[in-house]
Amino acid sequence: MNKRIFVLALAALGATLLATAGHAADFDANAATETYLATVTGEARAKSDTYFEGGYRLILWDGLYSMAIALVLLFTRASAAMRNLAEALVPWRWLQTFFFAALFIVVTAALTFPLTIYEGYYREHEFGLSNQTLEEWLNEYAIGLGVNVVMSGLFLTGLYAVIRRTGQSWWLWGAGVTTVFIMFALTIGPVFISPLFNDFKPMREGALKQEILSLARANGVPAEDVYEFDASRQTKRISANVSGFLGTTRISLNDNLLNRTTPAETRAVMAHEIGHYALGHINELILSLSVMAAVAFLLTNLGFGTLHGAFGGWWGVRDIADPAGLPVIVFMLSLLGMLATPVTNTMIRTNEAEADLFGLNAAREPDGFATTALKLSEYRKLDPIPWEEFVFYDHPSGRSRIAMAMKWKAEHLGELAKSEIVATPPAVP
């Protein structure tokens, strides 16, 4: 290379670096975060806060309601009566368990129906988040109940078979059964279960689809297509996922995401979802749930022994291998689930934050990511206090996500400027 040309090139590079440094110094990530947050105000902010904060109470009411139903089934001896019916009608032990489980699920679904329809239908309409008629909602509820009967019936049949064979060590073997069942559900979910509720079709062709596929290929996602599904007939929420396991991996996004976001926002969302796969979060989830199941089953076993010793004769429950004792297990797991809410939320929230950062590095769309966080504030409180986020949030809050995006942007302004995609936070109206 000619020496003069080299010197000129070096001088140009130095000038570029100095300009970039000055540009970065002028960008205030904290101020940009506040500017974004200030665009959601008044009625919209109040509505979002009210909806999400109402969910705090529902965590408590759902747990207490489930525990109360379990006690009703025990103290009325309804659970023992269902077991007796199963034993009278079915000759094989494993089929007796499945029959009991199916009956138990239907009965508990009927008893919890008032709370279920309030949460799933009336509350969603109250806050303008649902597009379904009552008939459509009931139809999907019936399908979901049928899936639950089959899937939970199979799981409980396997679990009680393990309990009968392994005695007091059932809690450890039961965690193994749980792990296998989770893997099974993840494998069949995209292929057999999701299509029961939505129509999946290849995403419309275009540059955006090719960009998503490029992101997937670059990050090791074994998918050859992107699917869109018609969630708009159910909800106004935007969503996407990379689902599946053991050969059934599928990249999916709903039509709300395509119709309600810009290409930059869509790329930001899809890079986040691809991040879950690339970071091995599916495997982490399986491992975490297995460990949590072992701990929960161990504590449930201890609690069952105490409760059965005091009330077992009254309930008509023989021992822990008796399916009639299932309400005791449900009672214990509901109690433990409520108490563990901050732990489980923190585990999930940590993975979500990791996927957020992965998505920023992969898609390089900090402003698209920030404006998507604002759209999610339709049903997620945007700016909670720290303890509130720690206890109740299974995703980072809008403030946390926007702050992460703006900090990332501050460190990459030069690169973004060269790509001509630097955006300015929207002005506060």
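1. Let's start in the sheet: Tyr227 stands opposite Ser252, a residue of β4. Keep in mind while looking at this pair that the model is a predicted one.

2. Which strands are paired in the parallel sense over four bridges? Those are β2, covering residues 226-229, and β4, covering residues 250-254.

3. Now for the whole sheet. Four strands make it up, it is open, and the order reads β1-β2-β4-β3. The pairing is mixed. At the edges you'll find β1 (200-202) and β3 (240-243), each of which pairs on one side only. From one strand to the next, the twist averages 30 degrees.

4. What packs on this sheet? Helix α8 does, running over residues 207-218. Three strands are touched by this helix, namely β1, β2 and β4. If you compare directions, α8 makes about 125 degrees with β2.

5. On to a spot in a helix: Thr116 belongs to α5, which spans residues 93-126. Is Thr116 buried, partly exposed or exposed? Its relative accessible area is 27%, so Thr116 counts as partly exposed, because buried would need a value under 20% and exposed one over 50%.

6. As for its neighbours, leaving aside residues up to four places away in sequence, Thr116 touches Tyr121, Trp137 and Tyr141. Take Tyr141 from that list: Thr116 and Tyr141 are 25 residues apart in sequence, and their C-alpha atoms are 9.5 Å apart in space.

Terms used. Residues are numbered from 1 along each chain as its sequence is written. This is a predicted model: local features need pLDDT of at least 70, side-chain atom pairs count only at pLDDT 80 or more; totals for chains, interfaces and linings use all residues. Side-chain values use heavy atoms; hydrogens and water are left out. Helices (H or I, at least four residues) and strands (E, at least two) are DSSP runs, numbered from the N terminus. Buried means under 20% relative accessible area, exposed over 50%, partly exposed in between (1.4 Å probe, protein chains only). Contact means heavy atoms within 4.5 Å. Two strands pair if DSSP finds at least two bridges between them. Axes are lines fitted to C-alpha atoms, for helices over the stretch in contact, and angles run from 0 to 180 degrees between N-to-C directions.
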